[in-house]
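Let's walk through this fold together, from the chain as a whole down to single residue pairs. Have the model open and follow along.

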Amino acid sequence: MTAQSCPRQHCATTMDSAALEPSLYTVKAVFILDNDGNRLLSKYYDPELYPSMKEQKNFEKNVFNKTHKADNEIALLEGMTIVYKSSIDLFFYVVGSVQENELMLMAVLNCLFESLSLMLRKNVEKRTLLDNMDGVFLVVDEIIDGGVILESDPQQVIEKVNYRADDSPLSEQSVAQVLQSAKEQIKWSILK
């Protein structure tokens with residue numbers, strides 16, 4: 001019996017293919033928790049997923065309780081695929097839908113962790129992270145925008161953010177370079 005001769009089978013096939021249709025909106029949420037499960041950073045990209053702060057914190061608590069003592073890298077909870085990694089006193093989480101490719105989510109997680117490691121000079125711990133929170137938000141925004149993965153190479157993320165732990169994200173050196181470049185452009189336009 002073919003799909004055309006069996007309407008139920010055809011409907012099921014059509015619904016399955018619609019549910020698995022590819023989307024650029026891969027990431028549902030990213031959050032970083034401390035070793036007590038307290039939120040340090042969170043970004044939710046699907047407004048319908050957990051619309052209130054209370055629901056978000058409850059979800060994060062459930063995720064932390066399930067993952068903080070486990071040696072795994074992936075969890076399935078509340079219909080979500082969650083990849084995670086811990087470092088000293090921090091837990092990093094990337095959340096996607098249940099049918100999302102775990103390797104894509106893991107690439108985002110690794111990029112986030114490696115970018116922060118580069119930015120924080122391999123000192124990825126709570127105190128250093130809190131001291132450089134402006135840079136942390138810039139890193140997250142360079143990797144993910146509205147749930148769409150923009151970058152997965154930590155070197156590229158750090159170059160785009162142009163962050164140095166001692167300086168502000170737009171360092172004095174980069175300002176000097178911009179001014180020098182502007183001076184050279186003005187010289188060339190005058191000489192022409």
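**A walk through the fold**

Among contacts (heavy atoms within 4.5 Å) in the protein chain between residues at least 6 apart in sequence, 51% join residues at least 24 apart. Before going further, a word on ground rules: this is a predicted model, where local features need pLDDT of at least 70 and side-chain atom pairs count only at pLDDT 80 or more, while totals for chains, interfaces and linings use all residues. Residues are numbered from 1 along each chain as its sequence is written, and side-chain values use heavy atoms, with hydrogens and water left out.

The protein chain has seven helices and seven strands, taken as DSSP runs numbered from the N terminus (helices H or I, at least four residues; strands E, at least two). In sequence order the pattern reads α-β-β-α-β-β-β-α-α-α-β-β-α-α. Of the 192 residues, 40% are buried, meaning under 20% relative accessible area with a 1.4 Å probe, protein chains only (exposed is over 50%, partly exposed in between).

Start with the sheet. Five strands form an open sheet in the order β2-β1-β5-β4-β3, with antiparallel pairing; two strands count as paired if DSSP finds at least two bridges between them. The edges are β2 and β3 (74-77), each pairing on one side only. On average, neighbouring strands are turned by 20° against each other, direction ignored; axes here are lines fitted to C-alpha atoms, for helices over the stretch in contact, and angles run from 0 to 180 degrees between N-to-C directions. Helix α2 (residues 53-67) packs on this sheet, touching β1, β2, β3, β4 and β5, and its direction makes about 115° with that of β2.

Now zoom in on β1. Eight of its eight residues are buried.

What holds the most contacts inside the largest nonpolar core? Ile-32, Phe-92 and Leu-116 do, in a core of 31 residues. A nonpolar core is a set of buried Ala, Val, Leu, Ile, Met, Phe, Trp, Tyr and Cys residues joined through side-chain atoms within 4.5 Å. At least two residues each come from β1 (27-34), β2 (39-44), β5 (90-97), α3 (102-119), α5 (133-143) and α6 (154-161), and α3 gives the most, with nine. A second, separate core has 17 residues, among them Leu-49, Val-63, Leu-77 and Tyr-84.

Finish with α5, which lies across β1 and β2 and runs at about 25° to β2. Its buried residues are Met-133, Gly-135, Val-136, Val-139, Val-140 and Ile-143. Down the axis of α5 these fall within an arc of 155°, so they line one face of the helix; the arc is that of the directions from the helix axis to the C-beta atoms.
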